[in-house]
Amino acid sequence: MIGPDLFVLDDFTHTAGETIINADFNAKNTTFDKLTNTGNLVSFENFTSDELTNSGLIGVNKDFTSGSTTNNASAEIAVVGDYHSSDLTNSGTVTVTGAFEADTTVNNGTLTLGTSGKFNGAYSGTDATFTAATGNTEFLADVDLSGTTFNANGGTVIFEKATTVQNFTAKSDASTTLNNVTIKSGTKLTTASSFNVGGNWTNENTSSVSDFYFEATAGKIIFTTAGTDASNRSSFTISGHNKFYDIEATGSYLDITVDDENNFNDATSLDVVRLMYKMWDRVNREFNIKLHPEIKFIGNKTDEEIELWEIMTKL
């Protein structure tokens with residue numbers, strides 16, 4: 001046990017069992033086997049612990065490395081450098097300025113990332129606040145944001161899970177907003193949630209690999225990008241092999257690029273031709289202008305498709 005206050009000018013190492021700190025503790029590099037902190041611990045350089053339970057304040061001026069980490073309610077971990085831990089259970093506040101990496105993460109408090117983030121295990125939370133990294137925030141397992149207020153922070157969320165399906169759950173009130181989204185090659189991502197996307201949607205999987213794609217079984221994905229006027233238009237791209245259940249773009253002065261590998265609510269080629277004909281017919285009746293379709297059919301056509309196509313292409 002360390003207390004009352006202790007100031008160490010150089011490194012401090014204690015690896016023989018548990019260390020309990022209940023006062024102010026300051027050192028250069030700190031190394032512990034099993035640490036329980038209820039005081040104020042400041043490491044002027046690096047912090048290392050094989051196991052950590054924190055009920056006080058831990059401030060680290062460089063890098064933080066820990067095994068299983070529990071940060072209790074009202075406790076705080078502040079790291080100026082990089083953060084690395086195995087499983088993290090946070091009910092207090094964790095703030096990282098550099099890169100963040102953890103395994104399974106249960107966030108019931110406030111988690112703020114810096115330059116990048118990587119979650120090797122599942123993420124979940126209750127009554128939580130989560131500010132993503134300004135760069136990439138990578139998820140390598142299931143992501144449950146149903147109990148988390150998520151701040152995309154202008155960065156990119158990357159989904160990447162090999163061999164098995166990766167599940168994404170957003171808040172039930174459809175308030176979850178991601179910025180850029182990337183689905184890595186070899187990942188099958190599924191959701192039944194409604195959520196918002198403020199940037200590009202990049203799916204590295206193509207239809208040539210049928211086992212890997214994005215699939216929404218319910219819910220609506222709303223693209224919220226918007227320009228300010230005709231001379232300051234905004235744009236976003238939806239690429240890759242995606243099966244959307246419902247989709248909406250709410251912005252004005254907006255240019256949208258959509259790859260032909262996308263499917264909306266299991267639409268067939270007949271659904272597409274029927275929609276084309278509705279637009280063609282309305283423009284023809286109201287403006288006496290005959291639009292001319294430029295797409296080409298590949299494969300067989302139904303009788304209805306042939307009939308509608310001949311109407312639209314007849315000069």
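Predicted model: local features only at pLDDT ≥ 70, side-chain atom pairs only at ≥ 80, totals over all residues.
Residues are numbered from 1 along each chain, and side-chain values use heavy atoms, leaving out hydrogens and water.

- Leu-291 sits in the loop between helix H1 (269-287) and helix H2 (303-313); helices here are DSSP runs of at least four residues, and strands are runs of at least two.
- Leu-291 counts as partly exposed because its relative accessibility is 42% (buried is under 20%, exposed is over 50%, and partly exposed is in between, with a 1.4 Å probe).

**The cores**
- The largest nonpolar core has 47 residues, and Phe-168 and Trp-201 are among those that touch the most other members (a core is a set of buried nonpolar residues joined through side-chain atoms within 4.5 Å).
- Another core, of six residues, lies apart from it and includes Val-273 and Trp-280.
- Leaving aside neighbours within four places in sequence, Phe-168 is in contact with residues including Val-143, Phe-159 and Phe-195 (contact means heavy atoms within 4.5 Å).

**The sheet**
- Four strands form an open sheet in the order S24-S27-S30-S33, with parallel pairing (two strands pair if DSSP finds at least two bridges between them).
- Strands S24 (177-178) and S33 (247-249) stand at the edges with a single partner strand each, so one side of each has no neighbour in the sheet.
- Three bridges join S30 (residues 221-223) to S33, and Phe-223 has Ala-249 in S33 as its bridge partner.

**The salt bridges**
- The count comes to five salt bridges (a side-chain nitrogen of Lys or Arg within 4 Å of a carboxyl oxygen of Asp or Glu).
- Asp-142 pairs up with Lys-161, with the closest N and O atoms 3.4 Å apart.
- Asp-142 is in the loop between S19 and S20 and Lys-161 in the loop between S22 and S23, so their pair ties together parts 19 residues apart in sequence.
- Lys-161 counts as buried at 17% relative accessibility, while Asp-142 is partly exposed at 27%.
- Lys-220 and Glu-248 meet at 2.9 Å, N to O.
- Lys-220 is in the loop between S29 and S30 and Glu-248 is in strand S33, so this pair links parts 28 residues apart in sequence.
- Asp-281 and Arg-285 form a salt bridge too, at 2.9 Å, and they are about one helical turn apart because four residues separate them in helix H1.
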